[in-house]
Amino acid sequence: MGNFEVIIYEKQDNVGYVTLNRPQALNAYNLQMRDELYQVLAAIKDDPEVKVAIFRGAGDRAFCAGADLTEFLTAPSPTIARQVRWERDVWGLFLSITKPLIAALHGYVLGDGVEIALCCDIRVASEDARFGVPEMGLGIIPAAGGSQTLPRVIGRAHALEVLLTGRWINAEEACHLKLVNQVVSRDDLLPAAERLANKIKTYSPVAISYAKQAITRGLDLSLEQGLELETKLGDCLLTSLAGKKLN
Ligand code: COA
C-alpha cells in the first residue's frame, strides 16, 4: 500500500482500521482523501486477512465535517468531474464490499461524514456526536449516495426532514431514528466498535459475507426475490461447505 497523508490504514488481528486524518480541518473530505480512501477500500475488499473494518476520525472534534469547502465546485468542468467520478467510484466500491464495516462516530458527522457512515453496516456513536446533512444550505444535493442510503436507513419521512431542513441531530436522536445502532461514552467508542468487530471476526468470513449480502441486497428486492436470493446464497454456502468436507 502507498504512503497515505490524509488517511491512516492499519491492520491488527484481522481488523482493518481506517482513520480519516485531517484533524486540523475536522477531517473534511477532500480529493486526496477520496483517492486514498479508494485505495484503502480496494485493499479491504481484496485482503483475506481483513475480516472486518472500523472507520473513525482523528482528533477530538470530528469524525468528518463533510466535503472540503475550499475545494467546493473547483472541478474544471462538469465533464471532468463526471470522468473522475467514473474512474474512481469510491461510493460504489464502498457499497460493493461484502465484509462488515463499522463506523465509530464522534463530534461532527456532517455531509460526506454521514454518507461514509451510511456506507458502513453498523454505526456506533459517542454521546458528543452531532449529525447533519447541510447540502441544501450550499444549494446542492448529497453526492456520495446519501439521498439513497439515508432513506434506506432512517426511512423516507425522516430522511426528507433531515435533508430538506438541514436540522442537526444529536446522538440520542440519531439512535432513536436508527441512524446509529448504539450510543456510548466517548472513552468507550473504539472499544465498543472493537467488541463488535472481535465478535464478528470469530465467525466464518464466507457465512458473514453471505449474510451481509442477503440483507443488504435483499432490501432492494421484493420479498419474493429476496427469498430467492436467500435460497441461492444458502445453497452456495452449503455447496462450498460440502466441497471443503470432501477436500
Ligand atoms: N471544509 C474545509 N475546512 C473545514 C470544513 C470543511 N467542510 N469544516 C471545518 N473546516 C475547517 C475550518 O475552516 C477550520 O479551519 P481553520 O482553523 O484553518 O480556520 C477548522 O476546520 C475548524 O473549524 P471551525 O469552523 O473553526 O470550527 P467550529 O467549531 O467553529 O465549527 C463546524 C465547526 C463544523 C460547525 C464548521 O466548521 C462548519 O460549519 N463546517 C462546514 C460544514 C459543512 O458545511 N460541510 C459541507 C457539507 S456538504
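Reader: Hi! Which residues make the nonpolar surface patch of about 370 Å²?

Author: Met136, Ile141, Leu160 and Leu164 make that patch. Patches take residues with over 30% relative accessible area and no salt bridge, and join nonpolar side chains (Val, Leu, Ile, Met, Phe, Trp, Tyr) within 5 Å. A salt bridge is a side-chain nitrogen of Lys or Arg within 4 Å of a carboxyl oxygen of Asp or Glu. This is a predicted model, where local features need pLDDT of at least 70 and side-chain atom pairs 80 or more, while totals for chains, interfaces and linings use all residues. Residues are numbered from 1 along each chain as its sequence is written, and side-chain values use heavy atoms, without hydrogens and water.

Reader: Thanks! Now the ligand: which residues come nearest?

Author: Among the 15 residues around the ligand, Arg61, Ala65, Ala67, Asp68 and Leu69 come nearest. A residue counts as near if one of its heavy atoms lies within 4 Å.

Reader: What lies 2.9 Å from a nitrogen atom of the ligand?

Author: A backbone N or O atom of Ala67 does. As for ligand oxygen atoms, a polar side-chain atom of Tyr108 lies 3.4 Å from one, and a backbone N or O atom of Gln24 lies 3.5 Å from one.

Reader: And how much of the ligand does the protein bury?

Author: The protein buries 58% of the 870 Å² that the ligand exposes when taken alone, by the Shrake-Rupley method with a 1.4 Å probe.

Definitions and conventions
A polar contact is a pair of N or O atoms within 3.5 Å; within protein, one must be able to donate a hydrogen and the other to accept it, and residues adjacent in sequence count only if both atoms are side-chain atoms. Patches are made of residues with over 30% relative accessible area and no salt bridge: like charges are joined within 9 Å, nonpolar side chains (Val, Leu, Ile, Met, Phe, Trp, Tyr) within 5 Å.
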